[in-house]
Amino acid sequence: MITKSSVQIRKEWDIVGARQMGRNLAKELGFGTVDQARITTAISELARNIYLYADKGKVAYEKIEDMNKKGLRIVASDQGPGIHDLSKVMEDGFSTSGGLGAGLPGVKRLMDCFDIVSEPGMGTTITTIKWVR
Amino acid sequence: MEPYKFDVNNYRNLLKKYIASQDETSLYQAEQFSKLSMQHNISPEEIINVHIQALKELYPDLPVEIDSSMNFLLETMISYGLAYQEFQTLREKQGELESEISIAANMQQTLLSTTIPDIVGLDIGAISVPSHQMNGDYYHFVTDESNNLGIAIADVIGKGIPAALAMSMIKYSLDSFPETMRNPSVILENLNRVVEQNVDTSMFITMFYGLFNPETGSLQFSSAGHEPGFYYCADKDQFFEMTTKGLVLGVSDQATYEQFDITMESDDMVVLLTDGVTECRIGERFIDTEEVLEVIRKYMHLPAQEAVELVYRHFERLQDFQLRDDFTLIFLKK
C-alpha cells in the first residue's frame, strides 16, 4: 500500500508545514521519538534548500508499507538552478550557509537511503528513505 | 564497578542511584557512560532518548510538561549530533591527509638527498631540519673530475608542500646543467630563468652557490638574495659576513649575479645557513647575529658534522623544540 501526499514550498513558513506533515506520517508509521526528530530535521534541511536556492518546489511523502518492512520516502524536488558540482555539496565541511553538520551530508546521515539527481538549469530532485527499525 | 553497556537498564539504574544519593560515584560512572557512548558513535539525541525512557520507567506519573520539555530538548540536540558525526568524518579525513603528507615528505627526502663528498683538506658538516613535515630548505653538494666542490644552499620563501615542490624543480635543474657550467654566477642566472618561467610569482627562492677549489683553497660564490654566510679567519680569529649582491630567484629574468671569492687558509671555516638559523626566535625576540656566532664558536673546534648537529641541538632547545622555520646549516672547515 502506498499513500502519497506533498507540501509546496514557497515561503519559509512552508518549512514548518513540511515538517508537520512528515512528523505526522512518521508517527503513524510507528517511528520512535529519535527517528521522528531525525526525519523532521532532514525535511527541514531539504525544504530549506528549496526555499533558499530554488525559490519554489515541493516535498512529497510516500508511506511504504509492505510485507517485510515499513518506511517513509521523502522526495524533495524543485525547478531551480540545479547543482553544478554534486560531489562538492556532498562533501563534509562544505556549506554555503556556513552551518555545521547540516546540509546535504547531514540529510544523508539522518536518513537510510539518499539519492540526488540534478541538472544545471533544470532543477534538483532528492529522494530519501527512512525505514522503521 | 561494573563495565558499562549502552542500554536503558544500565542508565536507569545509574540515574536511580544518583537521584537517591546524589553521590560522586554515580557521576563518575555517568562520565564513563558518556565516554563509552562517544566510542560507539552514540549521538547526543540518543542519550537524551535513553534519559527520557529511564525517567518514564522510574516515574510512571511523570508530569506531561516535563515529558514535553524532554522531547523539546531531544529535538534541539539533533543538529549537535550531526555536527559531531561530521567532526568524526573530518577527523578521519585529516588522518588520511597526514599520512599522505608523510609519504610525500619521505619521497622528498629521497628525491633531494645528497651525500657529503670526501674532499681532501676540507671537513664538511651539513644538517637540514624542516619545521613541519616538508622541507622548504635545500642543500646540495656536487664534485667534478678535478675534485672541485659545488655547494648549493637554498630557501623557498613560503612553506609546506608548494615550497617542497619548488625545491624538487631546483634540484633537477641543477642536475641538468652541464658539468662544464660551474661558475656560480652563471648557475644562478640559469636557475633564475628556470624559476622565473616555471614558478608562481608569489614564490621566491633565495640561493647561495659556491665553488671550492681544494688545490688553491679558493671559494668562488654568488648569492641570490640568500641569508649571508660567514667566513671565519683563523689568523685573525674573527668572523666576517660574506656580503653579496643579487636578487632572489624568480623575480626578474634579467637578474645578474655578481661573483665574489675568498681564499681559505688552514683552520679557516665557512658557515652557510638559512634564515631558520638567524631568525631563530626566543619568545618574542629574534636572536642576533652575535649570539649565533657565539654558539658556532662554541662548537667549531669539533669535527664539522658533529659541530653542526650540536649547534642545531642548541637552537632546537632554545626554541622549546618547536622550530618556527626550516633550519639548514653547513660548515666547511679547512
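Two residues are taken to be in contact when heavy atoms lie within 4.5 Å. In this predicted model, the contact between the two chains takes 16 residues from chain A and 15 residues from chain B. Within chain A, Val34(A), Asp92(A) and Arg109(A) lose the most area to chain B, and together they account for 34% of what that side buries. Chain A and chain B bury about 1400 Å² between them, with 56% of this area on carbon and sulfur atoms.

Charged and polar pairs also cross the interface. Four salt bridges are found between chain A and chain B. One of these joins the side chains of Arg19(A) and Glu75(B), with a distance of 3.6 Å from N to O. Five residue pairs are in polar contact between chain A and chain B, counting pairs in which both residues are at pLDDT 80 or more. On the side of chain A that touches chain B, the elements that give two or more residues are α1 (13–29), α2 (33–54) and α4 (103–110) of chain A. Of the elements on that side, α2(A) gives the most, with six residues. By class, the side of chain A that touches chain B holds four nonpolar, six polar and six charged residues.

The fold of chain A may be considered next. Chain A has four helices and five strands, and from the N terminus on its elements run β-α-α-β-β-α-α-β-β. The radius of gyration of chain A is 14 Å, close to the 14 Å that the globule rule gives for 133 residues, so chain A is as compact as a globular protein of that length. Along its principal axes, the C-alpha trace of chain A spans about 40 × 25 × 25 Å. Of the 133 residues in chain A, 47% are buried. Among contacts in chain A between residues at least 6 apart in sequence, 63% join residues at least 24 apart.

Because six of its eight residues are buried, α4(A) is largely enclosed by the rest of the structure. The buried residues of α4(A) are Gly103(A), Leu104(A), Pro105(A), Gly106(A), Val107(A) and Leu110(A). Within chain A, the buried residues of this helix pack against α2, α3 (86–89), β4 (113–119) and β5 (123–131). They also pack against α4 (64–112) of chain B.

Chain B presents another arrangement. The secondary structure of chain B comes to nine helices and twelve strands. The radius of gyration of chain B is 31 Å, well over the 20 Å that the globule rule gives for 334 residues, so chain B is more spread out than a compact globule. Taken along the principal axes, the C-alpha atoms of chain B fill a box of roughly 100 × 45 × 35 Å. Buried residues make up 46% of the 334 residues in chain B. Among contacts in chain B between residues at least 6 apart in sequence, 70% join residues at least 24 apart.

Ser185(B) is found in helix α6 (residues 184–198) of chain B. Since buried means under 20% relative accessible area, Ser185(B) counts as buried at 11% relative accessibility. Leaving aside residues up to four places away in sequence, Ser185(B) touches Ser222(B), Tyr257(B) and Gln259(B). Thr115(B), by contrast, is exposed, with a relative accessible area of 66%. Thr115(B) lies in the loop between α4 and β1 (123–129) of chain B. From Thr115(B) to Val142(B) the separation is 27 residues in sequence and 8.7 Å in space, C-alpha to C-alpha.

Finally, the backbone calls for comment at one residue in each chain. Most residues other than glycine have a negative phi. Phi of Asp55(A), however, is near 75°, a positive value in a residue other than glycine. Asp55(A) is found in the loop between α2 and β2 (57–65) of chain A, and at 56% relative accessibility it counts as exposed. In chain B, phi of Asp267(B) is near 70°, a positive value in a residue other than glycine. Asp267(B) lies in the loop between β8 (260–263) and β9 (269–273) of chain B, and it is exposed, with a relative accessible area of 55%.

Methods. Residues numbered from 1 in each chain as written. Chains lettered and ligands numbered in written order. Heavy atoms only, no water. Buried area = accessible area lost by both parts, 1.4 Å probe. Polar contact = N/O pair within 3.5 Å; in protein donor to acceptor, adjacent residues only side chain to side chain. Nonpolar A, V, L, I, M, F, W, Y, C, P; charged D, E, K, R; others polar. Rg over C-alpha atoms; globule rule 2.2 N^0.38 Å. Buried < 20%, exposed > 50% of the residue type's maximum accessible area, 1.4 Å probe, protein only.
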